[in-house]
Amino acid sequence: MHAEPRASRFVQRLGEGEPRRIRVSFEFFPPKTEEMEKTLWESITRLAPLKPNFVSVTYGAGGSTRERTHSTVKRILAETALTPAAHLTCVAATCEEIDAVIESYCTAGVRHIVALRGDPVGGIGERYAPHPGGYRNAADLVAGIKRLSDVEVSVSAYPEKHPDSPTVEADLDMLAAKVDAGAARAITQFFFENDLYFRYLDRVRARGIDVPVVPGILPVQNFKQTKAFAARCGASVRDMGIDLVYAVCHLLGLRPSHEASREASDGRGALPLPAGERAGVRGVG
Ligand SMILES: Cc1cc2nc3c(=O)[nH]c(=O)nc-3n(C[C@H](O)[C@H](O)[C@H](O)COP(=O)(O)OP(=O)(O)OC[C@H]3O[C@@H](n4cnc5c(N)ncnc54)[C@H](O)[C@@H]3O)c2cc1C
């Protein structure tokens, strides 16, 4: 099926007095095999009626999925009514190479990029060294994207601090630099304790950063894999088993009495809470 490239910028705004609606976005991995592609499209078809704010497609380490990310995003634009966002990292590429990717997205009609530094080529644990002719970090990449086009840019945020970051303050400085460079929204690394997110949000606001900070939620499909992801990005998983059981009960409508009364008084018991964007469900496809 063919369709004209169309803009993917999210334009919907809730009007005054309109009821609050929970808005979500979904993050998909670009498929590696035909079977994974089938699963991805089944997932997209099943989730589309939830009318996500946008759906994003990740970019493999070192640009390894460049073509697959691009073709998945293009197919979403061509065959669905969804608003796609393309992830992009700075790893192992010159500014010119990255700029060519940005321009190809713009030509295809993509109007939203999730801009990331990415992980070291040798994997986590190795010290990150920017490509000599490349963007130095995510803030530099955001500025590069904004120089080329006025696409919407989202960036990462770390409720538990990025493992490379020497301090929480340095982490917030980087987020502030990304927002100053033009990022419109931050999407967090996944976490398993809501308080981590709320405490982080307080620190972000106290630092004067006012863009929406979307809580990234990882639906656990594979416990071992989730533990490995968490070890790499510094997220804590101590009580994950309990949290999963708790979440299932929550979905079934079961509430402990103290939470029910607290939710009624301040709404803090359940995600998503703060104004602006709501929840980003990560790693769906
Ligand atoms: C929502 C989300 C989506 C993601 N999607 C992808 C994806 O599609 N593909 C992919 O490969 N990865 C993805 N990642 C992972 C991300 O690439 C890694 O976490 C990477 O290590 C950091 O990239 P960043 O853009 O968050 O970095 P930055 O925002 O540039 O930095 C993160 C933190 O590390 C610190 N830091 C950065 N560089 C240094 C340095 N040289 N020395 C000291 N401290 C430093 C900064 O203080 C900063 O707080 C995603 C992460 C998130 C949260």
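This is a short walk through one structure, from the ligand shell to the core and then the sheet. Keep in mind that the model is predicted.

Let's start with the ligand. How many residues surround the ligand? There are 24. The closest are Thr58, His87, Arg117, Ala138 and His162. By type, the shell divides into 10 nonpolar, 10 polar and 4 charged residues. Which element gives the most to the shell? That is helix 5, with 3 residues. Strand 3, residues 84-89, strand 4 and helix 5 each supply at least two.

Now helix 4. Helix 4 covers residues 138-148. Its buried residues are Ala138, Ala139, Leu141, Val142, Gly144 and Ile145. Look at the spacing. An α-helix has 3.6 residues a turn, so residues three or four places apart point the same way. What covers these buried residues? The cover includes helix 3 (95-108), strand 4 (112-116), strand 5 (152-157) and helix 5 (168-180).

Next, the core. In soluble globular proteins, nonpolar side chains tend to be buried together. Here the largest nonpolar core has 57 residues. The members that touch the most other members are Ala86, Ile113, Ala115, Val142, Ile145, Val153 and Ala186. Helix 4 gives the most to this core, with 5 residues.

Take Val142 as an example. Leaving aside residues up to four places away in sequence, Val142 touches Ala115, Val153, Val155, Lys178, Ala181, Gly182 and Ala183.

Strand 6 has partners. Strand 5 runs parallel to strand 6, joined by 4 bridges. Ala157 has Thr188 as its bridge partner. From strand 5 the chain passes through helix 5 to strand 6, in a right-handed β-α-β crossover.

Then comes strand 7, residues 213-214, which pairs with strand 6 in the parallel sense over 2 bridges. Ile187 stands opposite Val214. With helix 6, residues 194-206, these two strands make a right-handed β-α-β unit.

That's the tour.

Methods: Residues numbered from 1 in each chain as written. Predicted model: local features only at pLDDT ≥ 70, side-chain atom pairs only at ≥ 80, totals over all residues. Buried ≥ 20, exposed ≤ 12 C-beta atoms within 10 Å, placed from the backbone. Contact = placed C-beta atoms within 7 Å. Near = placed C-beta within 6 Å. Nonpolar A, V, L, I, M, F, W, Y, C, P; charged D, E, K, R; others polar. Core = buried A, V, L, I, M, F, W, Y, C linked by C-beta atoms within 7 Å. Pairing = 2+ DSSP bridges. Right-handed = clockwise from strand over helix to strand, strands pointing away.
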